[in-house]
Amino acid sequence: MSNLTPASPLRDWLADPAAGQVLRGMLAQGGQSEQALAPALGLPLEQLVKMSGGKFPPELVDALVTAAETGRVPEGLPTAPPPADTATAEPDLGVEIGAAEPWSEQITPGRFDGQTVVVTGAASGIGRAVASRIVREGGRVIAVDVSGDGLAALAADLGAAVVPVTADITAPASADAVLAAAGGRVDALANVAGVMDDDAAVHEVDDKIWDRVMRINVDGPMRLMRAVVPGMLAAGGGRIVNIVSEAALRGSAAGAAYTTSKHALVGLTKSSAYQYAGTGVQVNAVAPGAVATGIQVPAAAPFGSSRTARMRVAIPGLAMAEELAASIAFLLSKDAVNLNGVILPSDGGWSVA
Ligand SMILES: NC(=O)c1ccc[n+]([C@@H]2O[C@H](COP(=O)([O-])OP(=O)(O)OC[C@H]3O[C@@H](n4cnc5c(N)ncnc54)[C@H](O)[C@@H]3O)[C@@H](O)[C@H]2O)c1
């Protein structure tokens with residue numbers, strides 16, 4: 001009898017003799033290898049299904065469960081053997097290393113009671129996880145995104161504490177729409193909405209991608225900060241958290257446009273933290289490593305992506321959006337007292353490598 005469930009990590013599924021063969025077969029069919037999945041090995045299988053955009057259908061999960069339970073590969077499914085080198089014994093490290101303890105959200109009831117928090121990018125990924133956590137901790141969320149359908153789904157899940165604002169943060173009127181929806185004090189702002197570039201090195205930069213990345217990743221957050229800060233100053237305080245990236249800390253994590261945009265957002269964070277120090281307005285940033293979300297990546301530029309690919313093998317692991325929400329909600333909460341101008345890497349230690 002197998003103990004594997006859709007919540008079990010990919011690593012355990014690959015280790016199962018029958019289910020592992022099927023999973024490898026599916027990967028091979030999609031032109032992927034087990035090695036390419038290395039950063040995702042700690043993620044639950046169900047997360048892979050969510051991220052795959054339909055390429056990994058829920059029926060396949062049922063087939064994997066059957067394979068693990070019966071020890072046999074169901075008919076008609078592709079299979080592939082484990083790579084030869086996994087048979088090599090681990091060297092003796094002189095210390096026993098157990099499986100990493102699984103993590104689940106620890107909600108702090110009432111942490112955001114009576115507070116209004118603006119969250120951009122709330123229809124998907126990290127923004128959705130932040131919005132969800134704040135509502136479950138008592139707050140009201142002004143949820144901003146270009147995706148009206150995604151916001152409707154969020155509101156259907158979380159109820160009246162979500163006030164959806166369907167808006168493009170690059171449109172000047174969007175900041176007014178956010179203030180109108182808040183209808184009073186904004187206690188905190190999480191600038192989460194952002195887009196990736198195509199990994200292009202500077203000689204490959206496409207003007208359209210550059211402009212879009214700068215407008216969404218830099219101009220949009222600045223406009224919302226500009227809109228909420230006067231109210232925060234008048235109220236004697238408020239907390240702003242800008243979501244940057246590993247690409248805000250190093251040159252090797254993305255292309256020229258995304259790296260420049262996230263470095264710029266660090267500059268805006270630090271400048272604002274300095275300018276408002278002592279007023280009660282705190283401005284911090286969180287720099288996520290790799291996170292399992294639906295973030296779209298444009299077709300890769302050949303030169304730049306061949307360079308960034310060399311670094312990506314060093315990513316310690318993919319995090320779930322809820323893990324980022326834990327770091328971001330902390331900085332949005334009053335527990336962030338005395339923190340101002342912090343750029344907090346939430347990346348499993350990637351930034352110290
Ligand atoms: N996923 C990662 O690995 C990763 C790593 C480092 C940093 N980040 C950063 O985290 C943030 C969230 O990323 P995610 O992975 O959750 O992405 P995601 O694509 O899942 O979510 C981003 C959301 O932002 C919205 N959005 C995009 N442009 C917008 C606009 N102009 N106006 C309003 N909404 C807009 C999208 O509709 C989407 O719902 C981004 O700033 C991203 O740069 C992500």
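**Cavity and ligand shell**

Mentor: The largest cavity has a volume of about 40 Å³. A cavity is a set of points on a 1 Å grid over the protein atoms alone where a 1.4 Å probe fits but cannot get out, and its volume is the space filled by probe spheres set on the points, joined across faces, edges and corners. This is a predicted model, in which local features need pLDDT of at least 70 and side-chain atom pairs pLDDT 80 or more, while totals for chains, interfaces and linings use all residues. Residues are numbered from 1 along each chain as its sequence is written, and side-chain values use heavy atoms, without hydrogens and water.

Trainee: Which elements each supply at least two residues of the lining of the largest cavity?

Mentor: Lining residues have an atom within 4 Å of a point; among them are D197, W210 and A257. Helices here are DSSP runs (H or I, at least four residues), numbered from the N terminus. The elements asked for are α8 (207-235) and α9.

Trainee: How much of the ligand does the protein bury?

Mentor: K262 also has a side-chain N or O atom 3.0 Å from a ligand oxygen atom. Taken alone, the ligand exposes 830 Å² (Shrake-Rupley method, 1.4 Å probe). The protein buries 91% of that.

Note on methods:
A polar contact is a pair of N or O atoms within 3.5 Å; within protein, one must be able to donate a hydrogen and the other to accept it, and residues adjacent in sequence count only if both atoms are side-chain atoms. On a 1 Å grid over the protein atoms alone, a cavity is a set of points where a 1.4 Å probe fits but cannot get out, and a pocket is an open set with protein on both sides within 12 Å along at least five of seven lines; lining residues have an atom within 4 Å of a point.
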